[in-house]
Amino acid sequence: MASQEESVREFVAVTGVEEERARFFLESAGWNLQLALGSFFEDGNDDDIITLPQPEGGSSVSRSTGPSSQPRVTSFRDLMHEAEDESDEEEGQRFFAGGSERSGQQIVGPPKKKSSNEVVEDLFKGAREHGAVPLDRTGKGLGESSKAKAFVGGGYRLGAAPEEESTYVVGERQASNSQQDVHVVLKLWKTGFSLDNGELRTYNDPGNANFLEAIRRGEIPLELRQRARGGQVNLDMEDHRDEDFAKPKVAFKAFEGEGQKLGSATPELISAPPTSQQDQAANEAQASSSISLDPSQPTTNIQIRLADGGKLVQRFNHTHRISDLRQFVVLARPTMAAREFVLMTTFPNKELADESQTLQEANLLNAVIVQRLN
């Protein structure tokens with residue numbers, strides 16, 4: 001405590017300020033008299049050069065107007081001037097610790113990351129600086145080439161005379177390794193970019209760094225040059241920085257290649273010989289008479305919906321079995337004798353696999369049965 005009071009008195013003796021102001025500079029400098037005096041004269045009297053009395057074993061400290069190393073304690077006024085001259089983008093955010101409106105310690109944080117909006121602005125700025133111009137694409141679809149595509153398919157050459165037959169001429173095919181002009185639309189979204197109707201590629205992905213850097217330099221990225229195979233690359237940039245990525249729906253494109261036709265143009269249909277209404281009525285009557293019904297026993301009506309869209313209704317005893325239902329269907333529709341089918345209940349659908357059950361055991365009294373072909 002005594003040393004602090006001594007420092008205050010010495011500070012007042014050298015500067016002629018009040019004790020309260022002297023304490024302010026000493027506290028800001030951590031009670032280091034040399035730094036406190038240096039901060040006071042550095043901030044207040046730019047034309048004065050003060051030489052302090054040398055303590056025992058110490059050396060004199062003077063302030064000169066020549067270039068010197070960066071001071072450990074500086075004022076907020078100096079920091080504001082530095083902030084105007086230097087880019088926050090390169091040195092990062094500045095923090096201040098201790099002091100008040102005239103002094104304090106400066107801490108420089110890590111470099112700030114650019115926002116997506118700044119990234120997009122840099123890309124457009126770089127493109128403009130290298131000769132890019134705004135393009136009016138009114139009435140032209142995205143990714144559409146500025147040149148009309150020539151027809152390269154085949155066709156028929158019409159005969160010169162009526163008796164001369166038309167001949168088919170095969171179209172010329174371009175070699176797969178030939179040069180080709182490529183038109184690409186680069187869409188810059190809020191969180192990334194996309195090429196034509198492709199997927200979103202984020203700005204912070206290291207794999208996209210070379211691509212974005214080439215755009216910023218006004219160059220065509222390598223992957224687009226490889227796509228052109230030595231041809232010309234036309235690149236359009238669209239600004240969607242305020243929009244979230246939305247992948248457009250791909251329009252249907254019909255097959256334009258060549259192929260081989262297999263067999264007949266229309267397959268031959270083989271169907272069962274048609275059955276007249278009289279024959280069908282006779283078959284149903286024969287099936288109904290095949291059911292031995294005991295009038296003295298309880299009876300129930302069963303409705304059977306056939307796979308061909310027809311419907312049968314027959315009276316059975318409760319003791320008749322599911323196998324009797326199958327035999328009734330086969331007799332009513334003789335064409336079903338050669339087909340595999342199952343009988344099912346409705347609501348819920350359940351296959352009647354155990355055909356040895358009686359109608360009462362299977363809970364089929366007054367039920368609706370459905371035929372399903374396998």
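R326 lies over the face of F341, at 4.4 Å from the ring centre; a charge sits over a ring if NZ of Lys or CZ of Arg is within 6 Å of the ring centre and within 35 degrees of the ring normal. The charged end of R201 likewise sits over a ring, that of F211, 5.2 Å from its centre. The model is predicted: local features need pLDDT of at least 70 and side-chain atom pairs count only at pLDDT 80 or more, while totals for chains, interfaces and linings use all residues. Residues are numbered from 1 along each chain as its sequence is written, and side-chain values use heavy atoms, with hydrogens and water left out.

The protein chain has ten helices and 13 strands, taken as DSSP runs numbered from the N terminus (helices H or I, at least four residues; strands E, at least two). Of its 374 residues, 25% count as buried, that is, under 20% relative accessible area with a 1.4 Å probe, protein chains only. Among contacts in the chain with a separation of 6 or more, 52% are between residues 24 or more positions apart; contact means heavy atoms within 4.5 Å.

Helix α10 spans residues 322-332, and I322, L325, F328, V329, V330 and A332 are buried in this helix. An α-helix has 3.6 residues a turn, so residues three or four places apart point the same way. The cover over the buried residues of α10 includes α9 (277-289) and the strands β9 (299-305), β10 (311-317), β11 (341-345) and β13 (368-373).

Some of these strands also pair, which requires that DSSP finds at least two bridges between them. β9 and β13 are parallel, with three bridges, and I304 stands opposite I369 in β13. β11 and β13 run antiparallel and are joined by five bridges; V342 has R372 in β13 as its bridge partner.

The whole structure holds nine aromatic pairs. Rings of Phe, Tyr and Trp (its six-membered ring) pair if their centres lie within 6.5 Å; planes under 30 degrees apart count as stacked, over 60 as edge-to-face and the rest as tilted. The F40 and F41 pair is edge-to-face because the ring centres are 4.9 Å apart and the planes at 85°. F40 is buried at 10% relative accessibility, and F41 is buried at 8%. The pair of F193 and F211 is stacked, because the centres are 5.1 Å apart and the planes at 10°. This pair links distant parts of the chain, with F193 in strand β6 (residues 192-195) and F211 in helix α7 (residues 209-216), 18 residues apart. Both F193 and F211 are buried.

Technical notes. Buried < 20%, exposed > 50% of the residue type's maximum accessible area, 1.4 Å probe, protein only.
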